[in-house]
Amino acid sequence: MITVLKPGLLTTVQDLGRPGYQQYGVVVGGALDALAARTANLLVGNEENAAVLEMAQTGPTLSFSRSTLVAWCGADFDAQINGESCPRDRPVRVAAGDILRFGLARHGLRAWLAIAGGIDVPLVMGSRSTYRRAGLGGLAGRALLGADQLSGGHPSEWSQQVLGKLLASNQRATAWSVRPDTIGRPARVGVVRAMRGPEWDWFTEPAQQAFFQATWVATKEADRMGVRLKGPGLALAQPREMISSAVNAGVVQVPPAGQPIVLLPSRQSVGGYPRLAAVAAVDLRHFTQLRPGDTIRFEEISVVGAQDLLLTQARDLTRVRLGLSRLLA
Amino acid sequence: MTLDYLTGMQITPLGDQALLVELGQTIDESTHRKVQSAWRSLAAEPLPGVTELVPAYTTVTAYYDPVQAVQAGAPADQIVDWLSDRLRERLKHPPKTAKTKGCTVEIPVCYEGEFAPDLGIVAKQAKLTPAEVIKLHTKTEYLVYLVGFAPGFPYLGGLPKILATPRHAKPRMVVPAGSVGIGGQQTGIYPCATPGGWNLIGRTPLALFRPAFHPPTLLSAGDRVKFRAITREEFFRLEAGA
């Protein structure tokens, strides 16, 4: 059992999302950085889709009633167990009575904490992800509150063996780590790769050029649905009404005011703004770490190029999975 | 059955994990039927790598996982073409599933008092009395073009032109669940409390989103909707019984 001593700013239970229900207006959602959540899960011997805790800006303080293995990935939080540093990107041993405190993110915004066995909340429409707007999934469909209690699922054989080894050698964490940033071929710092969107041709040539040349600034208008950017105004060549149609995470839509919005996984299922571009799926995770004032640039990539990045990421993740499973062989 | 939706159909990528199948350029019932028909054809059996199919006014969007598509045999540098060919192939065959005839759903609405803060605005705009607005709104049969935006939110077509009212310049911070509104040419029902800029003319006690059921929404694309005016007493009775 895990007791929430402090909930943090916005801590929610998330897995890899709730696909299959968009036709009913139900968002896919899930961990905003799927790669970070999958990596954290692998590091504690979970299925990649196990439910984790997503935290933003100020993380939670948790008390553990049983010894277990945890791992966290994402922004640079000042995580501590009983006042001692709790390192990122690796399996960490937690003993009964230990207090894990995340505090403030020093760089970036969000992180994902996996617990061996996953967080055991009911499956709603095939997913454990919290969907706050509809009040479903996760823990009672809401963010964590103080005094909440979370139960874990059954830890895998792998996680119990790693826990045993750490205990035997009296270590808090493994010396090795797996950083999500090293999986696949990440973009250069401050640059994300993006494809032209279905309504690319609707925009003026200066707008098309500006999109790939300008430095864009993240605004305060950012949540799990999307991030609004500030930069040169992006104008349509002529006024046109768009008929509402599907969107996806990564789609860059441009409302009439001309400032783009990059959609994140909790986006709505349909949108009515022209879709100028779409961020490569592997690079979308960078938008989950932007703070107001942070800057970013877009670099053009083809659909084939973006899919090659996804395939590379999948191959690398398979290698990580195999490497971890052989660790105890 | 004629496969008229194949004429002029276009398939274009929406990023690296979705394809847009475009079946028309306008919001009308004939395009709606094409979309529904194409959607049923595509959904009849699983397509390799396709994780979800979502219909809208003029499009069906196929969401897919490129990794699964490659595992199913797609050449790594031609995933879009490979998948588009399979979508086109599937669309050559008429839907195998029997045409699910949309049902007509009657929605009880209380058009009174605090449930209808903007009824006066709509009436003034239409140069009608509130009673005439209610009569017109309840007399019409609406088509559910799609469900989206929020869980269970129906995009309804068929609002009498005279009732069209511009949305509020400043949206309300919270629109209560069940609110029936008019925004421009559209009318709809808010399934859950959310910010919104539509003119609120009534409220239904029915739950439009019911996650414990399948399907989890009261309305589905293709359904017809008729509103029925109810009293406050009936509203509270239905709400308590719901």
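# A guided reading of the predicted model

The second largest pocket of this structure has a lining of 40 residues, and those nearest its centre are A:Ala34, A:Arg38, A:Leu310, B:Gln17 and B:Asp65. The volume of the second largest pocket is about 1300 Å³. Both chains take part in its lining: chain A supplies at least two residues from each of α1 (34–43) and α4 (303–326), while chain B does likewise from each of β3 (50–55), β4 (59–64) and α2 (66–71). Among the contributors, α4(A) gives the largest share, namely eight residues. When the lining of this second largest pocket is sorted by class, 21 residues are nonpolar, 11 are polar and eight are charged.

Two cavities of 30 Å³ or more are counted here. The largest cavity has a volume of about 90 Å³. Its lining consists of 14 residues, and A:Ile183, A:Arg185, A:Pro186, A:Val282 and A:Gln313 lie nearest the centre of this cavity. The lining of the largest cavity comprises six nonpolar, three polar and five charged residues.

Attention now turns to the helices of chain B. The packing of two helices is described by the angle between their axes together with the distance between those axes. For helix α1 (residues 29–43) and helix α3 (residues 79–91) of chain B, the angle is about 110° and the axes are 9 Å apart. Angles of 65 to 115 degrees count as roughly perpendicular, and α1(B) and α3(B) are therefore roughly perpendicular to each other. On the side of α1(B), the residues that meet the partner helix are B:Ala38, B:Ser41 and B:Leu42; on the side of α3(B), they are B:Leu87, B:Arg90 and B:Leu91. This contact of α1(B) with α3(B) contains four nonpolar residues, one polar residue and one charged residue.

A further helix pair in chain B is formed by α4 (residues 119–126) and α5 (residues 130–139), whose axes come within 9 Å and cross at roughly 90°. The contact involves B:Leu119, B:Val122 and B:Ala123 from α4(B), with B:Pro130, B:Val133 and B:Ile134 from α5(B). By class, the contact of α4(B) with α5(B) has six nonpolar residues, no polar residues and no charged residues.

Over all chains, the search finds 25 salt bridges. One salt bridge joins the side chains of A:Arg106 and A:Asp76, at 3.2 Å from N to O. Because A:Arg106 belongs to strand β10 (residues 105–115) of chain A and A:Asp76 to strand β5 (residues 68–77) of chain A, the pair ties together parts that are 30 residues apart in sequence.

Two details of the backbone complete the account. Most peptide bonds are trans, and most residues other than glycine have a negative phi. The peptide bond between B:His214 and B:Pro215 is cis, with omega about -5°. B:Pro215 is placed in the loop between β12 (199–203) and β13 (224–229) of chain B. In chain A, A:Gln57 is a residue other than glycine with a positive phi, near 65°. The position of A:Gln57 is in the loop between β3 (52–56) and β4 (61–64) of chain A.

How values were computed:
Residues are numbered from 1 along each chain as its sequence is written. Chains are lettered from A and ligands numbered from 1 in the order in which they are written. This is a predicted model: local features need pLDDT of at least 70, side-chain atom pairs count only at pLDDT 80 or more; totals for chains, interfaces and linings use all residues. Side-chain values use heavy atoms; hydrogens and water are left out. On a 1 Å grid over the protein atoms alone, a cavity is a set of points where a 1.4 Å probe fits but cannot get out, and a pocket is an open set with protein on both sides within 12 Å along at least five of seven lines; lining residues have an atom within 4 Å of a point. Grid points are joined across faces, edges and corners, and a volume is the space filled by probe spheres set on the points. Helices (H or I, at least four residues) and strands (E, at least two) are DSSP runs, numbered from the N terminus. Ala, Val, Leu, Ile, Met, Phe, Trp, Tyr, Cys and Pro count as nonpolar, Asp, Glu, Lys and Arg as charged, and the others, Gly among them, as polar. Axes are lines fitted to C-alpha atoms, for helices over the stretch in contact, and angles run from 0 to 180 degrees between N-to-C directions. Angles under 35 degrees count as roughly parallel, over 145 as roughly antiparallel, 65 to 115 as roughly perpendicular and the rest as oblique. Contact means heavy atoms within 4.5 Å. A salt bridge is a side-chain nitrogen of Lys or Arg within 4 Å of a carboxyl oxygen of Asp or Glu.
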